[in-house]
Amino acid sequence: LSLDAAFFDGLALQGGGGGGAGHKRSGSMDGASSPSDGESALSGGLPDYAKKAIPAERLAELALLDPKRAKRILANRQSAARSKERKIKYTGELERKVQTLQTEATTLSAQLTLLQVCIIDLCCL
């Protein structure tokens, strides 16, 4: 899967080369890292949970600063959308199965009642 050209065309960016800021990692045991200048400008001091939902405008800005991260975020969004579609489809299939099984259970219950009445009638002859 290659998103290079399509990714930058989709964001309407010019000259989307790989000269952006690199992703910095911390050497600490807890994984804490200090954001690079580009990241702090984008995050605005928000807590971690708020940084995760980057709007499309900010994603375009991030693509200039850190194209690998922006590409990964876009790929994750596409994957999440596919997962959501699969979940909706699966839920619909389960709902149809439940409806079918409820109908079958009602039919079988009626047949059982009818057979029980017939057995009682035969015993009483």
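Mentor: With a definition: a disulfide is a pair of cysteine sulfur atoms within 2.5 Å. The structure holds zero disulfides. This is a predicted model, in which local features need pLDDT of at least 70 and side-chain atom pairs count only at pLDDT 80 or more, while totals for chains, interfaces and linings use all residues. Residues are numbered from 1 along each chain as its sequence is written, and side-chain values use heavy atoms, with hydrogens and water left out.

Trainee: Why is Cys118 called partly exposed?

Mentor: Buried means under 20% relative accessible area, exposed over 50%, and partly exposed in between (1.4 Å probe, protein chains only). Cys118 has 37% relative accessibility, so Cys118 counts as partly exposed.

Trainee: What class does Cys123 get at 63% relative accessibility?

Mentor: The cut-off for exposed is over 50%, so Cys123 at 63% counts as exposed.

Trainee: Which elements does the chain have, helices or strands?

Mentor: The chain has five helices and zero strands. Both are DSSP runs, numbered from the N terminus: helices are H or I with at least four residues, strands are E with at least two.

Trainee: Why is Ile54 given the class it has at 14% relative accessible area?

Mentor: The value of 14% is under 20%, so Ile54 is buried.

Trainee: Which residues does Ile54 touch, leaving aside neighbours within four places in sequence?

Mentor: Contact means heavy atoms within 4.5 Å. On that basis Ile54 is in contact with Leu59, Leu62, Arg69, Ile73 and Arg77. Ile73 is 19 residues away from Ile54 along the chain, with their C-alpha atoms separated by 8.7 Å.

Trainee: What makes a set of residues a nonpolar core?

Mentor: The set must be of buried Ala, Val, Leu, Ile, Met, Phe, Trp, Tyr and Cys residues, joined through side-chain atoms within 4.5 Å. The largest one here has six: Ile54, Leu59, Leu62, Ala63, Ala70 and Ile73. Two or more residues come from each of α4 (56-65) and α5 (67-123), and α4 gives the most, with three.

Trainee: How do α4 and α5 cross?

Mentor: Their axes come within 6 Å and cross at roughly 145°. Axes are lines fitted to C-alpha atoms, for helices over the stretch in contact, and angles run from 0 to 180 degrees between N-to-C directions. Among the residues that meet are Leu59 and Leu62 in α4, and Ala70 and Ile73 in α5.
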